[in-house]
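Me: I'm new to this structure and would like to learn how to read it. Could you walk me through a few features?

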Amino acid sequence: MSTPRIPPDAPFTPPSSHDAPDAPHAPRTSPDAPYTPPFSPDAPHAPRIPGNDYGVLAVPAPGTWEPRLTVSVVIPARGGQDKLDLTLAALAAQTYPSHLLEVIVVDDGSSPPLRLPAIAPEHTRIVGDPSGRRGIAHALEAGTAVAGGEVIHRMDADIVSYREHVEAHMRWHHLAGYLVVMGTLRFTAMAGIPPTPAEVQIAVAKDRAGLLFEEDPEHGHDWIGELVAAHRDFRDAPSSLLHRVHVGATVSLPAALLRETGGMDTSLALGEDTELGYRLTQAGAVFVPDAGALSWHLGTTTAMRRPADVRRHNDPFIADRIPYRRHLRTDAGRQWLVPYVEVVVDAAGASFEDVRASADGALASTLPDVSVTLTGPWASLTGERPAPLDDPLLDLRLLRGQYAHDGRVSFAERVPATSAPAPFRLVCPAGWVPGADSLAKLIEQAEKDDEGLLLVALDEDESGVLAARLERTSAVARATRVIREGERLDDVIADLHGATWLDAESWKFRPAARAYPYWAVNRNREAARWKAAAESHAGEAERAQRQVAALKAELKELRAAAAKGSRDTVRWKEKAEQRRLEAVALRQAQQRSLLGRATRRLRRLRRLTEGP
């Protein structure tokens, strides 16, 4: 992939790979299925949503608009016929037109098999996974494979939805083709005798679903509510946070968007909704938590009952697939299924030494999860070779020989429009070397304001500016969806997510001639040096923390001693006052006693002097 110079007076210009509609697709997270990125605009006048600010859309109130899209409610279920009956009864009383609504229940190996109850939406059927595989992800894949709706609404089999629940979801999907809508759950412990399906249908139809159950005060998705509230109803939530609220109990999205992102990762037994939410983020989706799409959740979830066990099970799989979970990627020397950043270097027409310098600089990054893609005419390297030293394709052959067995390096004729599922891509011109911490610092800068594009000016001449570019995958995907004829992709990225120019010196990009010889003997030397420095700083920080802890303990003891001294002082003052009062009382008693004796003596003297 070439990196064209940018004329000084021209707006942002995307690299040539963005102009390649037939670019090969990047691999999806599941090893046995392709990932298909969404790189076609939804419509010539697709609504443009900056970041996750869905508030720019004028969403209609329920009952005030005309639905036209079809929706398939897909319900994976294993056992629990009694709860499923209530779920279907509530769906039978929805305001969304019945001719636009179908319900597909996927029986995930129930024994006895699930049956279709008397009260259910008109277009309801029960299917199974023809492959015989088990698990929620497999069930959802089987259900969506036969679904005919333009929108897929996933719903758990223990959900009792309010009257306008489906309509509340669907009103958003009529506004844009890349929205993911999450409903709002109220949890109930289902104390006492549960309502019958007929009672549920009547209550929902009369808009009295809220009276069906008592809310469970001890359980709920309070953490989702806190995230949503902390980010202005999630309208200013950063890209790295969006997938967190993608909970599968009741969520809807366009069927085309689900297909584009590769569907469910069937290799996951748990956490499949979180992982899908991550890939939807990279596809440029907007996440809408709708407080009006209410429903009851009958009982608690496994994550509520066994949170520690669920985290212990999910952490290795989530760490491998979601680079945003930085706290899970702390092990040194690891390689991960999905890298944090893909570095692309174009080898076409470049020297072996220049490409190697750029690639090795990226691989020596302080970030542990970096991959490198070398683009070039690799198909031209056939088995037929002229004299080795006079081979016109010698530089390409040397690069292939250099990196053929490095698991972090791949070769491609050209790359897709984004690095999905990796959240970032750095396009680095051959012959320019990023410093050891350049990638980490650039991503930190992009994350600070959730920017979509950072351009590092490397060189300039009369033909324009040569730049390295850090692209946010979700921003490029979003811009590609809504770009209009005649627009520059970078202008759209800047408009929706922001873009900033930076200088090479401050961000430690150097030409190969200056950078590479410093550590060419061993490409791990730079990483080792930074690791040693980091460990040294960590040791110093640990010692400082111990000193702070010791000082805090000493201060605590001094405060305790001072407090004890204060208490002793008060106590002694009280005792002294008590002694003083006792002395005064004694003196007064003595004085009274002396006065009494003197009085009695005077009376005796008076009697003696007066005589009988």
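**A helix on the inside**

Reply: Gladly, starting with helix 13 (residues 473-482): 10 of its 10 residues are buried, so this helix is largely enclosed by the rest of the structure. Buried means under 20% relative accessible area, exposed over 50%, and partly exposed in between (1.4 Å probe, protein chains only). Helices (H or I, at least four residues) and strands (E, at least two) are DSSP runs, numbered from the N terminus. This is a predicted model, where local features need pLDDT of at least 70 and side-chain atom pairs count only at pLDDT 80 or more, while totals for chains, interfaces and linings use all residues. Residues are numbered from 1 along each chain as its sequence is written, and side-chain values use heavy atoms, with hydrogens and water left out.

Me: What covers the buried residues of helix 13?

Reply: Look for contacts, meaning heavy atoms within 4.5 Å. The cover includes helix 6 (255-260), helix 7 (272-282) and helix 14 (489-497), along with strand 8 (286-298), strand 12 (424-427) and strand 15 (464-472).

Me: How should I read the open sheet, and in what order do its eight strands come?

Reply: Strands of a sheet pair through backbone hydrogen bonds, either parallel or antiparallel. Two strands count as paired if DSSP finds at least two bridges between them. Here the order is 3-2-1-4-7-6-8-5, with mixed pairing. Strand 3 (124-128) and strand 5 (159-161) are the edge strands, each pairing on one side only. Strand 2 (residues 101-107) runs parallel to strand 3, and five bridges join them; Val105 has Ile126 in strand 3 as its bridge partner.

Me: Is Gln94 buried or exposed?

Reply: Gln94 has 11% relative accessibility, so this residue counts as buried. You will find Gln94 in the loop between helix 1 (81-91) and strand 2. A polar contact is a pair of N or O atoms within 3.5 Å; within protein, one must be able to donate a hydrogen and the other to accept it, and residues adjacent in sequence count only if both atoms are side-chain atoms. Polar side-chain atoms of Gln94 lie 3.2 Å from the backbone oxygen of Ala90 and 3.0 Å from the backbone nitrogen of Val166.

Me: How many residues are in the largest nonpolar core?

Reply: A nonpolar core is a set of buried Ala, Val, Leu, Ile, Met, Phe, Trp, Tyr and Cys residues joined through side-chain atoms within 4.5 Å. The largest has 47 residues, and Leu374 is among those with the most contacts inside it. Helix 10 (residues 352-363) gives the most to this core, with five residues.
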